[in-house]
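Open the model in your viewer and keep the selection tool at hand. We will go stop by stop.

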Amino acid sequence: MLEIQQLRTDLDNVTRELAKRGYIFPSDVFSALEAERKAIQAKTQELQAQRNTASKKIGYAKSKGEDATAIMTEVAQFGDELKQAEIQLERVQEQLQKILLEIPNLPHSSVPQGKDETGNVLMRNWGTPRVFDFEIKDHVSIGEGLGLLDFEAAAKLSGARFSVMKGSLSLLHRALAQFMLDQHTQNHGYTEIYVPYLVNADSLRGTGQLPKFSEDLFAVRAGGVSKDDNGTSFHLIPTAEVPITNMVRNEIVPMQELPLKYVSHTPCFRSEAGSYGRDTRGLIRQHQFDKVELVQLVHPDQSYSALEQLVGHAEKILQLLDLPYRVMALCTGDMGFSAAKTYDIEVWLPAQNIYREISSCSNCEAFQARRMQARFRNENGKPTLLHTLNGSGLAVGRTLVAVLENYQNSDGSVTIPKVLSSYMNGLDLIGMKGGK
């Protein structure tokens, strides 16, 4: 959430910056509400002054033994008018708050300007795509050919955009998650954390999923009864970023504890409301998928160096797996709602002959922290908003896709990356015989 004072004092600049993201700020509506707010507050101050003057007259009249009934009636009238003004002010404040909750973050000055993904900028490539001397299969053909990936069973159980994995493919999926967790906790300084998969509406508002993206969420009602959001209504998490980041909601963190670095492996649930018809085949875009999420909560002065560090941590997983990838700086029109700056890491998928996103790493600056009132005490002891960062380290299902396609063999088997050998009980190949 943006600071409302910034809108009040620098509206034209904020409007221009938001336009770079393709967001048209309702400046006329905002200005009208602000004018109404100021008028109500001015009226309130005038009424309070008049009531205070009248109240003094009551005391003076009583001290003289005079009848103060008329003055008391006047004071009561001021009280009624003040109550009405409070109601009006509350209504205006609610409307202003609604506008604030739906405004995306301002882009950092280093973010390239563009309307969509065509405006993204290549930062670097790593690795060389493998040259195959046989016909390349996609991950669906590989998994189904091995009898280890079953979309028909998943459709019977749940519907489209779900999968069932079996045997050594399921083991490989688990091995990837364990490998990522071990790298991030043992070599990158993150603390592993287990979080709830169901969260309340306050948590989703805190990180920016609500109210704007409610259609992308799966709502769960306790007992199947529709109730309010105060403890009886939950949503399945779209990413572990939500519960992890909200752990500091309404908290003041001691500065000496910063940075806080957390990693968590969770399932993630997304309705994919805005992606009808996209990636309907395979594991790329599922309603349920696993992700190893990285979250950092840092001093504002350190957030951009932390972003580069976080990207490097995600890249290291792909390097150890020897999977070619590239890093893209997202342009203003392609960034997520809460982000001030984002890098996407895209892994090479030979069957599609393209790079596909496998991690998105963002610095949200104080945008989420302001919504959550997540703060630390600065060098002067003053409560100050934290900066929050998050990124996939990595999306497990998409990493599995990349391994299947990049490590496939002509006979339909899949070689296991060497770094995963100890996580696969020594298995070095998934094939029809040795892979189940």
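Select asparagine 250. Asparagine 250 sits in the loop that runs between helix H9 (241-245) and S8. This is a predicted model. Check the backbone here: phi of asparagine 250 is near 60 degrees, a positive value in a residue other than glycine. Is asparagine 250 buried or exposed? Asparagine 250 counts as exposed because its relative accessible area is 57%, and the cut-off for exposed is over 50%.

Now jump to glutamine 373. Its loop lies between helix H11 (367-372) and strand S14 (375-377). Glutamine 373 also has a positive phi, near 55 degrees, and is a residue other than glycine. Its relative accessibility is 31%, so glutamine 373 counts as partly exposed.

Next come two peptide bonds. Select leucine 258 and proline 259. The bond from leucine 258 to proline 259 is cis, and its omega is near 0 degrees. Where is proline 259? Look in the loop between strand S8 (252-253) and strand S9 (260-269).

Move on to glycine 393 and leucine 394. A cis peptide bond joins these two residues as well, with omega about 25 degrees. Leucine 394 is part of strand S16, residues 387-395.

Time for the rings. How many aromatic pairs does the structure hold? There are eight aromatic pairs. For one of them, select tryptophan 348 and tyrosine 355. Tryptophan 348 and tyrosine 355 are both buried.

Then pick Phe213, Phe337 and Phe367. These three residues form one aromatic cluster.

Another ring to visit belongs to tyrosine 190. Which residue lies over the face of tyrosine 190? Show lysine 261: it lies over that face, at 4.9 Å from the ring centre.

The last stop is the second largest pocket. Select Leu2, Gln6, Asn105, Leu106 and Glu365. Of the 15 residues that line the second largest pocket, these five lie nearest its centre. The space in this pocket is about 160 Å³. What classes of residue make up its lining? The lining has seven nonpolar, five polar and three charged residues.

Definitions and conventions
Residues are numbered from 1 along each chain as its sequence is written. This is a predicted model: local features need pLDDT of at least 70, side-chain atom pairs count only at pLDDT 80 or more; totals for chains, interfaces and linings use all residues. Side-chain values use heavy atoms; hydrogens and water are left out. On a 1 Å grid over the protein atoms alone, a cavity is a set of points where a 1.4 Å probe fits but cannot get out, and a pocket is an open set with protein on both sides within 12 Å along at least five of seven lines; lining residues have an atom within 4 Å of a point. Grid points are joined across faces, edges and corners, and a volume is the space filled by probe spheres set on the points. Ala, Val, Leu, Ile, Met, Phe, Trp, Tyr, Cys and Pro count as nonpolar, Asp, Glu, Lys and Arg as charged, and the others, Gly among them, as polar. Helices (H or I, at least four residues) and strands (E, at least two) are DSSP runs, numbered from the N terminus. Buried means under 20% relative accessible area, exposed over 50%, partly exposed in between (1.4 Å probe, protein chains only). Rings of Phe, Tyr and Trp (its six-membered ring) pair if their centres lie within 6.5 Å; planes under 30 degrees apart count as stacked, over 60 as edge-to-face and the rest as tilted. A charge sits over a ring if NZ of Lys or CZ of Arg is within 6 Å of the ring centre and within 35 degrees of the ring normal.
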